[in-house]
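Here are my notes on this one, as numbered points. Have the viewer open while you go through them.

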Amino acid sequence: MAGVSRLANEAWEAMFRAQATLAREFEYEGDWGGFPPREYGVLYALAGARDGLRITDLIDDALLTQAGVSRLVARLEKRGLVERRPDPDDARACRIVLTAEGREVQQRLGRTHARHVTTAMTRALSREQLETLRELGRTLLAAAPATADHPTKAPARDTP
């Protein structure tokens with residue numbers, strides 16, 4: 001067990017450092033068009049949700065607290081990129097949806113970000129390694145337990 005424990009921790013450390021390093025690269029070298037990467041992350045999450053998402057659903061994607069996501073959504077709403085609509089399933093809640101302008105901004109930034117991700121990921125990994133990494137990530141996500149704060153898991157997506 002000691003050998004597996006060490007290997008598991010070394011694998012975690014390598015994965016964590018790689019993700020943090022790439023995230024930092026994307027943040028500092030990416031062309032975000034005046035939008036912080038976290039704002040783009042919310043636009044991206046909403047782009048995949050035709051009927052919009054509740055604030056609580058956005059917490060998983062944004063990796064922020066509920067108050068942080070609420071403030072971020074308020075900023076996006078003020079910029080005309082998202083709007084609140086009544087939730088048909090719960091009269092007490094609302095759903096956040098992209099406006100036409102929000103969709104255009106997300107698509108424009110997404111194309112640029114996708115090119116940057118492709119460059120970063122393919123400079124060191126082959127197609128086969130990328131497929132393996134994708135499957136490993138999906139397997140880890142699928143096995144993660146749900147918690148009271150985060151009852152749902154992020155959906156698997158093939159493009160940024």
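Are Asp87 and Arg95 buried or exposed? Both of them are buried, taking buried as under 20% relative accessible area, exposed as over 50% and partly exposed as in between (1.4 Å probe, protein chains only).

1. Ground rules. The model is predicted, so local features need pLDDT of at least 70 and side-chain atom pairs count only at pLDDT 80 or more, while totals for chains, interfaces and linings use all residues. Residues are numbered from 1 along each chain as its sequence is written, and side-chain values use heavy atoms, with hydrogens and water left out.

2. Overall layout. You'll find six helices and two strands, running α-α-α-α-β-β-α-α along the sequence. These are DSSP runs numbered from the N terminus, with helices being H or I of at least four residues and strands E of at least two. Of the 160 residues, 26% are buried. Contact here means heavy atoms within 4.5 Å; among contacts between residues at least 6 apart in sequence, 53% join residues at least 24 apart.

3. The side chains of Asp87 and Arg95 form a salt bridge at 3.4 Å, N to O, the criterion being a side-chain nitrogen of Lys or Arg within 4 Å of a carboxyl oxygen of Asp or Glu. Both residues also belong to a salt-bridge network with Arg54 and Asp89. The structure holds 15 salt bridges.

4. Two more bridges to click on. Arg92 pairs with Asp90, with the closest N and O atoms 3.1 Å apart. Arg92 counts as exposed because its relative accessibility is 78%, whereas Asp90 is buried at 16%. Arg84 and Glu77 meet at 2.9 Å, N to O; Arg84 is partly exposed at 36%, and Glu77 is partly exposed at 31%.

5. The core. The largest nonpolar core has 26 residues, and Leu43, Leu46, Leu58, Val73, Leu76, Val82 and Ile96 touch the most other members. A core of this kind is a set of buried Ala, Val, Leu, Ile, Met, Phe, Trp, Tyr and Cys residues joined through side-chain atoms within 4.5 Å. Two or more residues each come from α1, α2, α3 (55-62), α4 (66-78), β2 (90-98) and α5 (100-122), and α2 gives the largest share, six residues. Leaving aside neighbours within four places in sequence, Leu43 is in contact with Leu76, Leu81, Val82, Leu98, Val105 and Gln106.

6. A loop residue worth a look. Phe35 lies in the loop between α1 and α2 (37-47) and counts as buried because its relative accessible area is 8%. Not counting residues up to four places away in sequence, Phe35 touches Arg79, Leu81, Val105 and Leu109. Phe35 and Leu109 are 74 residues apart in sequence, yet 9.0 Å apart in space, C-alpha to C-alpha.

7. Trp12, Met15, Phe16 and Leu140 make a nonpolar surface patch of about 420 Å². Patch members have over 30% relative accessible area and no salt bridge; nonpolar side chains (Val, Leu, Ile, Met, Phe, Trp, Tyr) are joined within 5 Å, like charges within 9 Å. Helix α1 (residues 2-29) gives the most to this patch, with three residues. Leu140 is in helix α6 (residues 127-143) and counts as exposed because its relative accessibility is 51%. The protein's accessible surface comes to about 10,800 Å², 56% of which belongs to carbon and sulfur atoms; areas come from the Shrake-Rupley method with a 1.4 Å probe, and for residues only the protein chains shown count as cover.
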